[in-house]
Amino acid sequence: MKITKFFSTVVLLALLGTVSCSCPSSQSSDSRADDIEARIDDVMSKMTLHEKIGVIHAQSKFSSAGVPRLGIPELWCTDGPHGIRPEVLWDDWNQAGWTNDSCVAFPALTCLAATWNQELGLLYGKSIGEEARYRNKAVLLGPGVNICRTPLNGRSFEYLGEDPYLSGRMAVGYVKGVQSNGVAVCVKHYALNNNEVDRYTTNAIADERTLREIYLPAFKAAVVEGGAWSIMGGYNLFRGQHACHNDYLMNKILKGEWGFDGAVISDWGGTQSTEEAIFNSLDLEYGTWTDGLKMGLTNAYDNYYMARPYEKLIEEGKVGTKELDDKVRRVLRLIFRTTGDKNRPFGSLCSDEHYAAAQKIGEEGIVLLKNEGLLPLDLEKTKKIAVVGENAIKMMTVGGGSSSLKVQHEISPLDGLKKRLAGKAEVVYARGYVGDASGEYNGVTTGQDLSDNRPASVILAEAVKVAAESDVVIFIGGLNKADHMDAEGSDRLEYSLPYGQNEVIEALLAANKNLIVVNISGNAVAMPWADKVPTIVQDWYLGSEAGTSLASVLTGDVNPSGHLPMTWYASLEQNGAHALGAYPGVKRNDGSDITDLEYKEGVFVGYRYVEKNNLKPLFPFGHGLSYTTFEVDNAKIKTSGSGDSFKATVTVDVTNTGKVEGAEVVQLYVSDLECSVERPVKELKGFAKVNLKAGEKQTLSFALDSEALKFYDEKEGWKAEAGKFDVLLGVSSADIRQTVSFDYK
Ligand code: GLC
C-alpha cells in the first residue's frame with residue numbers, strides 16, 4: 001500500500017473514530033474550541049459597529065468581509081456538493097476564466113446514497129474537502145439533504161433520496177470528511193425545499209409529525225452528529241415565514257433544540273426582511289438582489305437587509321446589538337474554524353486519489369435493476385457491441401444550476417466502454433435520438449458539438465441498423481442537466497423519458513433482443529418497456545470518471561452493489577404527493593405571489609406511501625441486484641430493558657451463495673404492530689454493506705435502542721408505545737428475508 005494511501009486510510013478510519021491518529025492539528029478539539037472562543041472574545045472587544053455589520057453580509061458574489069484592521073480574513077464560499085465551482089467574477093455569476101480552477105467532478109449525491117456505504121460518505125467528503133481547501137475556500141455549499149418527495153423535483157440529483165435515515169447516515173460521513181480539511185460544510189436547503197417550481201414563493205405546509213419524522217432528521221444528523229459548521233436557509237417559506245429567517249426552524253429547533261453553534265447562511269437571494277433576519281437567527285446574508293427595494297443592482301452590498309438598513313436601526317436605537325453580537329460571534333467562529341485555523345491541512349486538487357474516489361463511488365452507486373443474463377458482458381462471445389443514445393456521449397458536468405462544474409476531464413460512457421473493450425470487442429456508436437445539444441453554463445462550455453440536423457427517422461434508422469448488426473446493444477439515455485430535466489430552478493414536466501426515447505428503446509428491442517438499457521438520471525423515470533427489456537441499469541450522474549465506472553460494472557470488473565435510495569414508481573399515481581393532488585402548490589389569489597403547498601401525504605413519502613396502499617412499484621426502495629447471490633438467514637434478537645433503557649441486538653448471517661465476490665446491503669426495518677396512530681408499514685432504521693468472497697459467510701450485528709421505535713406525537717413529542725414490534729431484515733424494502741419480533745414495554 002503506497003504510503004499516501006496508507007495515510008489517507010488511517011485518516012479516514014480516524015475520522016470514523018475507529019483508529020486514533022495524530023491529525024494535522026495536534027491540539028485536542030476541546031482546547032481548540034476554547035482557543036477559538038478566546039480569540040472571538042478578543043476580536044469582538046475591538047470591533048466597531050460598522051465592522052460587525054461588515055462581516056454579516058456578502059461583499060461579493062461568494063465572499064463576505066473579514067476585519068483587515070484586526071487581521072481577520074474574509075470568508076470565501078464555493079459551490080457545490082459534487083465538485084468545486086470555477087472562480088466567478090467579483091459580482092457576477094459568470095466564470096472568471098481562470099486556467100487553474102478545473103476540478104474533479106464526484107458523482108452526484110443520489111449516487112452516493114445509492115452506495116449505502118457510510119465509509120464512502122466519509123471518503124467523498126474528505127476528497128471534495130481537499131479540493132475546496134486547495135482552492136482556499138472556507139465554506140463548501142453542500143451537502144444537499146432535502147428529501148425527494150416527488151421524482152419531478154429538478155434538484156433530486158443533488159440530494160440523498162427519499163428516506164430520512166439513509167439520507168442522514170450518508171450526510172454525516174460527508175460532513176465529517178469535508179470538515180476534516182478545515183473547510184466548513186453548509187448543509188442545504190433548510191428546510192422543506194422539496195421542489196424547484198415556484199421555489200422562491202412556495203409556502204410548504206407540513207404538520208409537526210411529518211416535519212420531525214421525514215424532513216428534519218437528515219439536517220439534524222448533519223448538525224448534531226456530523227457537527228456541521230454552517231447551514232443554508234432555503235428559498236421557500238415554511239408555515240408562512242421565509243425559511244432563511246424562520247423563527248420556528250431557526251430559533252426553536254436549530255439553535256434551540258439542536259444547540260447549533262455554527263452560522264446560518266441565506267441561500268443566494270433568500271433573505272426577504274431585515275427585521276426577521278435580525279431576530280430569527282440569520283447570521284450571514286448572501287446573494288440578495290436588492291437596492292433596498294427589490295431589484296438587483298451590482299455592488300449593492302451595502303443595501304443588503306443586514307447591511308446599512310440594520311446598521312441604521314442600531315444607530316437610531318430602534319434595535320439593540322445582542323442579536324448582532326451573536327451573529328458576529330458565529331461568523332468569527334466559522335472563520336476561525338476554517339481560514340483562521342493555522343493547522344488545517346493543505347488540500348489537493350485533481351489528484352489520482354480523487355479520481356480513484358470518484359470512480360469507486362460511481363462503481364458502488366450504480367444499481368443493477370434487472371438482469372436476465374446479458375451482464376456482465378461475456379467478452380468471449382460478444383465481439384460487436386452497439387452503443388446507442390445521446391447520454392453515451394453527452395457531458396453531464398456542465399449545467400444543472402449551481403452544481404455545474406469546470407472539470408479537468410469527464411470520461412463519457414462511450415469513451416469508458418471503448419477504452420475498456422479495446423482489443424476485446426468492436427464498439428459502434430449511433431445517436432438514436434437528439435435531446436439537448438446545449439453545452440454551456442455560466443460561461444463554462446463543454447466544447448462538444450452535439451448538433452445533428454438529420455430527420456429523427458434517419459437517426460433512428462441508423463441506430464436500428466447498427467443494433468441489428470451487433471451481438472449486444474447498450475442503450476444509454478435518460479435525462480440531462482437542461483431545464484425541466486435534472487436542473488436547479490425548474491422541475492421536470494413529466495415522469496416519462498423525454499425525446500421519444502421509449503420509441504427508440506422499443507425499436508432497438510425489435511432489432512435485437514440482447515438489449516441493455518442504461519438510464520442516467522437523478523431520480524426515477526417511467527419505464528413502460530421494463531418487462532420486455534432483459535437488462536436495466538440505473539446509472540446516476542457519475543462525474544469525471546462516469547465512463548470508467550460504468551465500463552467497470554458492465555464488464556464485471558466490479559460487481560454492482562448499488563441499491564435504490566428512492567422508490568422507482570411505475571407511474572406518478574404511486575407517489576403520495578401526486579396521488580393526493582399535493583404537487584405543485586396552489587397560488588394564492590390575494591395579490592401575494594405565494595403558492596401554498598400542503599404536504600397532504602404526511603409521513604407517507606416514498607415506500608411509506610407505496611406500502612400503506614399495497615402498491616407495486618416498478619422497483620422498490622432499497623432494490624439492487626448483483627452478479628452473485630446472497631442468503632440472509634439465522635436472524636436472532638436479544639432485548640433488554642424497557643422504556644428509554646430498551647436495548648436490542650439483532651444478528652443475522654449473510655452468505656455469498658454465488659460464484660463471484662460481491663457486496664450486499666442488508667437493510668433493517670422496524671414495524672410497529674400496535675400503535676395509537678397510523679404508522680408506515682415499516683421504516684428503515686439500520687443498514688450494513690458487507691463484501692463477501694464466493695461462499696463466504698459473515699454475521700452482522702445491529703444495535704437498536706428505543707429511538708428506533710419512536711414516532712412523533714404532536715403533544716408528547718417523540719414516544720414509543722408498548723406493544724409488539726417486528727424487525728425485518730432484507731435486501732430491499734420489498735425483499736424481506738428474515739423477521740424477528742419482540743414486545744416493547
Ligand atoms: C443557489 C442554490 C444554492 C447555491 C447558491 C449559490 O441559488 O439554491 O444551492 O449554493 O445559490 O450558488
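Student: How many residues surround the ligand, and which are the closest?

Tutor: In this predicted model, 15 residues surround the ligand. The closest are Asp-79, Arg-155, His-189, Tyr-235 and Asp-267.

Student: Where does a polar side-chain atom of Asp-79 lie in relation to the ligand?

Tutor: It lies 2.6 Å from an oxygen atom of the ligand. For Arg-155, a polar side-chain atom lies 2.8 Å from a ligand oxygen atom. Glu-488 also has a polar side-chain atom placed in this way, 3.0 Å from an oxygen atom of the ligand.

Student: Now the helices. What describes two packed helices?

Tutor: Two values are used: the angle between the axes and the distance between the axes. Take α5, residues 118-134, and α6, residues 164-179, as a case. α5 and α6 pack at an angle of about 35°, and their axes are 6 Å apart. The crossing of α5 and α6 is right-handed.

Student: Which residues of α5 and α6 make the contact?

Tutor: From α5 come Gln-118, Gly-121, Leu-122, Tyr-124, Gly-125, Lys-126, Ile-128 and Gly-129. From α6 come Arg-169, Met-170, Gly-173, Tyr-174, Lys-176, Gly-177 and Val-178. Sorted by class, the contact of α5 with α6 has six nonpolar, six polar and three charged residues.

Student: At what angle do the axes of α6 and α8 cross?

Tutor: The axes of α6 and α8 (residues 217-225) cross at roughly 30° and come within 8 Å. Angles under 35 degrees count as roughly parallel, and α6 and α8 are therefore roughly parallel to each other. Their crossing is right-handed.

Student: Which residues make the contact of α6 and α8?

Tutor: On α6 they are Pro-164, Ser-167, Gly-168, Arg-169, Ala-171, Val-172, Val-175 and Lys-176. On α8 they are Pro-217, Ala-218, Ala-221, Ala-222 and Glu-225. The residues of this contact divide into eight nonpolar, two polar and three charged.

Student: Are α7 and α9 parallel or oblique to each other?

Tutor: Helix α7 covers residues 208-215 and helix α9 covers residues 247-257. They pack at an angle of about 55°, with their axes 14 Å apart, and are therefore oblique to each other. The crossing of α7 and α9 is right-handed.

Student: Which residues of α7 and α9 make the contact?

Tutor: α7 contributes Glu-208, Leu-211 and Arg-212. α9 contributes Tyr-248, Leu-249, Lys-252, Ile-253 and Glu-257. The contact of α7 with α9 divides into four nonpolar, no polar and four charged residues.

Student: What is to be read from the backbone, in phi and in the peptide bonds?

Tutor: Most residues other than glycine have a negative phi, and most peptide bonds are trans. Cys-350 has a phi near 55°, which is positive in a residue other than glycine. Cys-350 is in the loop between α12 (322-337) and α13 (352-365).

Student: Where is the peptide bond from Gly-142 to Pro-143 placed, and is that bond cis or trans?

Tutor: The bond from Gly-142 to Pro-143 is cis, with omega near 0°. Pro-143 is in the loop between β3 (139-140) and α6.

Student: Is the peptide bond from Tyr-583 to Pro-584 cis or trans?

Tutor: That bond is cis, with omega near -10°. Pro-584 lies in the loop between α18 (576-579) and β18 (586-587).

Key:
Residues numbered from 1 in each chain as written. Predicted model: local features only at pLDDT ≥ 70, side-chain atom pairs only at ≥ 80, totals over all residues. Heavy atoms only, no water. Axes fitted to C-alpha atoms, helices over the stretch in contact; angles between N-to-C directions. Helix = DSSP H or I, 4+ residues; strand = E, 2+ residues; numbered from the N terminus. Parallel < 35°, antiparallel > 145°, perpendicular 65-115°, else oblique. Left-handed = near helix turned anticlockwise from the far one by under 90°. Contact = heavy atoms within 4.5 Å. Nonpolar A, V, L, I, M, F, W, Y, C, P; charged D, E, K, R; others polar. Near = heavy atom within 4 Å. Polar contact = N/O pair within 3.5 Å; in protein donor to acceptor, adjacent residues only side chain to side chain.
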